[in-house]
Amino acid sequence: MGTNFNQPQRQSLVGILVIFLEMIFQFLKATWPIIVISLLKADFKSTLVVVLISLAVAVYFGVYSFLKYRNFTFYIDEENDEFIISDGIINKTKTTIQLHKIQQVNIKQNLIQRLIGVYALDVDTAGSDKKEGDIKAISHHLALALKSKLLENEGKKVVVENEISQEKTEDYSLPFLKINLVSLLKIGITSNYVKSIGLILTFFFTIYENLHQAGAEDVISTDKLEGFVDENSLWYSGLVFVLIMFSVVFLINVGRTLIKFFNYTVTKQKGSLMLTYGLINTQSTILKPEKVQIVKVSRNYLQKKLNVLEIKIRQAISNEKKDNKSLIEIPGCNAFERDEILKLLFKQLPEKGIMMQPNFRKLVFSIFLTIVLPLTGYFLFGKYAEPQVFEYGNFALFYALFMLVLLFFGFRNYRLFVNKNHIIKQSGAWDVDNEIIEIGKIQAITTSQLFWHKSLNIGSLTMHTAGGNITFHLGKFDKINEYVNLWLYEIETSNSNWM
């Protein structure tokens, strides 16, 4: 017999422990600098106070976890086709999710859940900026059955024959794609350097700020660093800093990629894709082609030589914050695997059709904003405020040349390709991105033209989809309007379902 979700039921009993440990982890994550500094500088009496406060916090978290577990129930109202979740301790909430609006159901397992032997399940729709349903602790068997039931959301009521057959369908389908360790290493080595540098700087500044607020600046001594800079030239110190930063970023990129995407497997299931990956936090996601809004294929020069690339898939989102969190990534696939994935998502391989190029004024304007204005400010500041800045003129020259090369290649790669069913926007200087959308999934189109561009016949185009916008700047405006009229006609007469 199939699993019955018609009656309210609770999570697994060990859900109390999961909630408790997750609260402890979040508490330690937010307060560990203060706790460490307090223990290092405190005497026995102060240490005892800290321990007693910690015990009180643990007791509070324990009571809260039990009440949270006790008041959390979920069930499916088959009569109204709704998934209903009740939650809350003092303020009770009842969340009702219509089954046909469910976009994605994820089965996850973080380190705590893995150690305990349970899984988490969350439900995602396009109309909210958070996960509407978040079940912390259920068995894998139950999670698979519930996911299958929730994803029968196309106005159909398909009966699941039994849990065993469903589990076999989910677990033992032949993998359509499996990203091996070598491919993940290639992606880790060749991508996300700017993002990693930002994370490193944010981490160190956060640590320093926490120590400063705790009155423990003396824990970090900068005397050796200042001495090293004073004893060596600025160029040498800068080179050492760059090499150290590059090494740290290299290790972080490789480690992050292996941990996040370990054992990445893509499996075909009834016309959909099931994505499973993760070393510490495992995740299982069903991706339906009809839900896909924008597909971005990214590759840089090194990745091209190594025959790897990245695919990022955007479904319907409610805002920009949710866009980053709900982005589905497929790293490390090769050109053949990319084509097979695109065929499954779009029912055919999107081809680059007629090409539209931007006007050369786009390059000129970019040079003015990113090179001319900053250098003008630099020279004015040096002339009228601080002449010593001219000692770093070599850095200004390097910046100008570096930005000029980036802008040139970015302009050369900036193109819009149009065929009968798809639009492909190509952009990027080092990482070349190809964003693909189906014409039938465009929700709205915006064209704009500045008054001094009218005589030049250039303007901009923005295509709005449920997964975000795609903009093409300074193309031939008469050609843009010609395509817009054609696309609007196709959208109005099409019966395609963008959701």
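**The nonpolar surface patch**

Select Leu111, Leu115, Leu181, Leu185, Ile189, Ile259, Phe262, Leu279 and Ile280: together these residues make a nonpolar surface patch of about 750 Å². The model is predicted, so local features need pLDDT of at least 70 and side-chain atom pairs count only at pLDDT 80 or more, while totals for chains, interfaces and linings use all residues. Residues are numbered from 1 along each chain as its sequence is written, and side-chain values use heavy atoms, with hydrogens and water left out.

A patch is made of residues with over 30% relative accessible area and no salt bridge; like charges are joined within 9 Å, and nonpolar side chains (Val, Leu, Ile, Met, Phe, Trp, Tyr) within 5 Å. The accessible areas come from the Shrake-Rupley method with a 1.4 Å probe, and for residues only the protein chains shown count as cover.

Next, colour helix H3 (111–116) and helix H6 (181–190), the elements that give two or more residues to the nonpolar patch. H6 gives the most, with 3 residues. Helices (H or I, at least four residues) and strands (E, at least two) are DSSP runs, numbered from the N terminus. Then centre on Ile280, which lies in the loop between strand E9 (272–277) and strand E10 (282–287). Ile280 counts as partly exposed, at 34% relative accessibility; in these terms, buried means under 20% relative accessible area, exposed over 50%, and partly exposed in between (1.4 Å probe, protein chains only).

**The cavity**

Move to Ile187, Ser191, Asn192, Arg256, Thr257, Phe261, Glu310, Glu329 and Pro331, which line the largest cavity. Two elements to display here are helix H9 (234–261) and strand E13 (328–333), which give two or more residues to this lining. H9 supplies the largest share, 3 residues. By residue class the lining divides into 3 nonpolar, 3 polar and 3 charged. In this scheme Ala, Val, Leu, Ile, Met, Phe, Trp, Tyr, Cys and Pro count as nonpolar, Asp, Glu, Lys and Arg as charged, and the others, Gly among them, as polar.

The space in the largest cavity is about 30 Å³, and a search of the whole structure finds 1 cavity of 30 Å³ or more. On a 1 Å grid over the protein atoms alone, a cavity is a set of points where a 1.4 Å probe fits but cannot get out, whereas a pocket is an open set with protein on both sides within 12 Å along at least five of seven lines; lining residues have an atom within 4 Å of a point. Grid points are joined across faces, edges and corners, and a volume is the space filled by probe spheres set on the points.

**The second largest pocket**

Select Asn300, Tyr301, Ala429, Trp430 and Asp431, which are the closest to the centre of the second largest pocket among the 44 residues that line it. The volume of this pocket is about 1500 Å³. Its lining divides into 29 nonpolar, 7 polar and 8 charged residues.

**Salt bridges**

The structure holds 11 salt bridges, each a side-chain nitrogen of Lys or Arg within 4 Å of a carboxyl oxygen of Asp or Glu. Begin with Glu78 and Lys149, whose closest N and O atoms are 3.5 Å apart. This pair links distant parts of the chain, 71 residues apart: Glu78 is in the loop between strand E1 (73–77) and strand E2 (82–87), and Lys149 is in helix H4 (residues 140–150). Glu78 is partly exposed, with a relative accessible area of 31%.

Show Asp122 and Lys108 next; their side chains meet in a salt bridge of 3.3 Å, N to O. Asp122 is in strand E5 (residues 119–125) and Lys108 in strand E4 (residues 102–109), 14 residues apart. Asp122 is buried at 6% relative accessible area, whereas Lys108 is partly exposed at 27%.

At Lys441 and Glu438, the closest N and O atoms of the salt bridge are 3.4 Å apart. Lys441 is buried, with a relative accessible area of 7%, and Glu438 is partly exposed at 21%. Finally, select Glu22, Asp134 and Lys136, which are linked in a network of salt bridges.

**Positive phi values**

Most residues other than glycine have a negative phi. Two stops concern positive values. Asn457 has a phi near 60° and lies in the loop between strand E18 (444–448) and strand E19 (458–465). Asn457 is partly exposed, with a relative accessible area of 28%. The phi of Leu474 is near 55°; Leu474 is found in strand E20 (residues 468–476) and is buried, with a relative accessible area of 13%.
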